[in-house]
Number of protein chains: 2
Amino acid sequence: MYQARIYITLRESVLDPQGTAVRKALDAMGYDNVKDVRIGRYLLVDIDTDDKSLAESQAHDMCKKLLANPVIEDYKLEIVKLG
Amino acid sequence: MYQARIYITLRESVLDPQGTAVRKALDAMGYDNVKDVRIGRYLLVDIDTDDKSLAESQAHDMCKKLLANPVIEDYKLEIVKLG
């Protein structure tokens, strides 16, 4: 069993209003040295296979087809053996 | 300038209906060896300081006070030097 750990972020050119709201909230709490906040998604996908390279290629496929939106998002992933 | 990379996940005991929906969607697309999907958040927080340990303690404070919900979520973080 392998686990794909997938990090999905908005592309740099895309505005992140949720991140801006969090930055402003932190600023109001006194964290005025926080210059930028970007909010992405973190997915843990458990893939039942003994073939690490298969798990990796499946995870990339899943990102391209369903999990990430390539128009506005970038992703990276790592494959970790479970158990 | 340091960047806090914060990974927030639901605790294991907490149901993740969004993750379940994604697992079912993947299954319907033919990825029937995907056994579990958990969906969390991935935050990038840029902190303007030259003091790595200050950035780290601030990031932990921010997680506890605002960014993560300790009742249902766990978080981990790493501090990376920018630029």
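Is A:Cys63 buried or exposed, and what is its relative accessible area? The views below belong to a predicted model, in which local features need pLDDT of at least 70, side-chain atom pairs count only at pLDDT 80 or more, and totals for chains, interfaces and linings use all residues. Residues are numbered from 1 along each chain as its sequence is written, chains are lettered from A in the order in which they are written, and side-chain values use heavy atoms, without hydrogens and water.

**View 1. Cys63 in chains A and B.** A:Cys63 is buried, with a relative accessible area of 1% (buried means under 20%, exposed over 50%, partly exposed in between; 1.4 Å probe, protein chains only). B:Cys63 is also buried, at 1%. Over all chains the count of disulfides is zero (a disulfide is a pair of cysteine sulfur atoms within 2.5 Å).

**View 2. Helix H1 of chain A against helix H2 of chain B.** The axes of H1(A), residues 17-28, and H2(B), residues 52-67, come within 11 Å and cross at roughly 105°. H1(A) is therefore roughly perpendicular to H2(B) (65 to 115 degrees; axes are lines fitted to C-alpha atoms over the stretch in contact, with angles from 0 to 180 degrees between N-to-C directions). Helices are DSSP runs (H or I) of at least four residues, numbered from the N terminus.

**View 3. Residues between H1(A) and H2(B).** On H1(A), A:Val22, A:Ala25 and A:Leu26 meet B:Met62, B:Leu66 and B:Leu67 of H2(B) (contact means heavy atoms within 4.5 Å). The contact holds six nonpolar residues, no polar and no charged (Ala, Val, Leu, Ile, Met, Phe, Trp, Tyr, Cys and Pro count as nonpolar, Asp, Glu, Lys and Arg as charged, the others, Gly among them, as polar).

**View 4. The axis relating the chains.**

Definitions and conventions
Helices (H or I, at least four residues) and strands (E, at least two) are DSSP runs, numbered from the N terminus. Angles under 35 degrees count as roughly parallel, over 145 as roughly antiparallel, 65 to 115 as roughly perpendicular and the rest as oblique.
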